[in-house]
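Colleague: I am new to reading structures and would like a close look at a single part. Could you pick one and walk me through what surrounds it?

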Amino acid sequence: MSDEKWTAEHIGDQTGRVAIVTGANSGLGLETARALAGRGASVVLAVRNLDKGKQAVDDIRSDHGGAQLELQQLDLASLDSVRGASEEILSRFERIDLLINNAGVMYTPRQRTADGFEMQFGTNHLGHFALTGRLLERLLAVEGSRVVTVSSVGHRLLSRIDFGDLRAERRYRRIAAYGRSKLANLMFTYELQRRLEAAGAKTAALAAHPGGSSTELGRHVPGARTAERLFGAMVQSAAMGALPTLRAATDPAAEGGQYYGPDGFMQTRGHPVLVSSSDRSHDTGAQQQLWAASEELTAVRFPV
């Protein structure tokens, strides 16, 4: 791998490729969609709020007038919404080249999804698990297709999957719940990649994290504005934060099972490189247990 700093300029021609980006109305998702559309991809902005999605479309087209963009309503906190959105996408597209599982919530007060799951685990992991399972058939036949799931350095913080309390009914700590959901993103990626390899699939599963990026994700962090002023040097723009995702999605040298993040201090900022994840994320037995529990909770079965 070259020592050259990887930037959006390294993204090759994406003409003819179809990319689904969740949470593409703002922040990392918006910048991911912008970069892919700017290289010719047909990008589906899968968003909860269609009005904000329309603003995002206008924003991208202000940079790339000929961008091929479509909106899809998707609320990852509702399995009914995931099912409906998946059916609409499958009816509109014969192929999917990239599925970018980007959307997420962070440090929310105790809340439940429409299906009664703890909000962070239900949205960040279970919603994307169900979406991927329902769309995967459209990726499997496409050479070089990829599923990229966005995790976080937070996957190391207070994170442990308590399989006896996946709904966090006994105890809720917002930082631990976020860490658990981001750990689940990585465990899902590694188990999915193992299944894809076993099936001889043309699709690869990768993960990425943005470091410390200035986005709306931190709106529930206590004292977030004060912290950003104090630690501003450790926070980068959303466009920079999207680069690890974009590299995982488009770098021809990237391989299934890899994890990309910033190369700077404590992986908080910088250009995307291969990074490591926690030992816990590589626990094969826990990955398989999480997969089985996720299938049961979502009633979604994968074709691999």
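**A strand inside the sheet**

Modeller: Let's begin with the open sheet, whose 8 strands follow the order β3-β2-β1-β4-β5-β6-β7-β8 with mixed pairing. (Strands are DSSP E runs of at least two residues and helices are H or I runs of at least four, numbered from the N terminus; two strands pair if DSSP finds at least two bridges between them.) At the edges are β3 (68-73) and β8 (272-274), each of which pairs on one side only. From one strand to the next, the twist averages 20 degrees.

This is a predicted model, in which local features need pLDDT of at least 70 and side-chain atom pairs count only at pLDDT 80 or more, while totals for chains, interfaces and linings use all residues. Residues are numbered from 1 along each chain as its sequence is written, and side-chain values use heavy atoms, with hydrogens and water left out.

The part I would pick is β5, residues 146-150, where 5 of 5 residues are buried. (Buried means under 20% relative accessible area, exposed over 50% and partly exposed in between, using a 1.4 Å probe and protein chains only.) Its side chains point two ways: R146, V148 and V150 go one way, V147 and T149 the other, and all of them are buried.

Now look at the neighbours. Strand β4 (residues 98-101) runs parallel to β5, and 4 bridges join the two. Between β4 and β5, the chain passes through helix α4 (residues 119-140), making a right-handed β-α-β crossover. (Right-handed means that, with the strands pointing away from the viewer, the path from the first strand over the helix to the second runs clockwise.)

Strand β6 (residues 204-208) also pairs with β5 in the parallel sense, over 5 bridges. Here V150 has A208 of β6 as its bridge partner. The chain gets from β5 to β6 through helix α5 (residues 174-198), and this crossover is right-handed too.

(Contact means heavy atoms within 4.5 Å; angles run from 0 to 180 degrees between N-to-C directions, and axes are lines fitted to C-alpha atoms, for helices over the stretch in contact.) Helix α8 (residues 243-250) lies across β4, β5, β6, β7 and β8, at about 165 degrees to β5.

Within α5 you will find E191. Its relative accessibility is 4%, so E191 counts as buried. Leaving aside residues up to four places away in sequence, E191 touches Q287, Q288 and W291.

Helix α4 packs against α9 (residues 284-298) at an angle of about 85 degrees, with their axes 10 Å apart. That is why α4 counts as roughly perpendicular to α9 (65 to 115 degrees; under 35 is roughly parallel, over 145 roughly antiparallel, and the rest oblique). From α4, the contact uses F121, H125, L126, F129 and A130, and from α9, L290, W291, S294, E295, L297 and T298. By class, 7 of these residues are nonpolar, 3 polar and 1 charged. (Ala, Val, Leu, Ile, Met, Phe, Trp, Tyr, Cys and Pro count as nonpolar, Asp, Glu, Lys and Arg as charged, and the others, Gly among them, as polar.)
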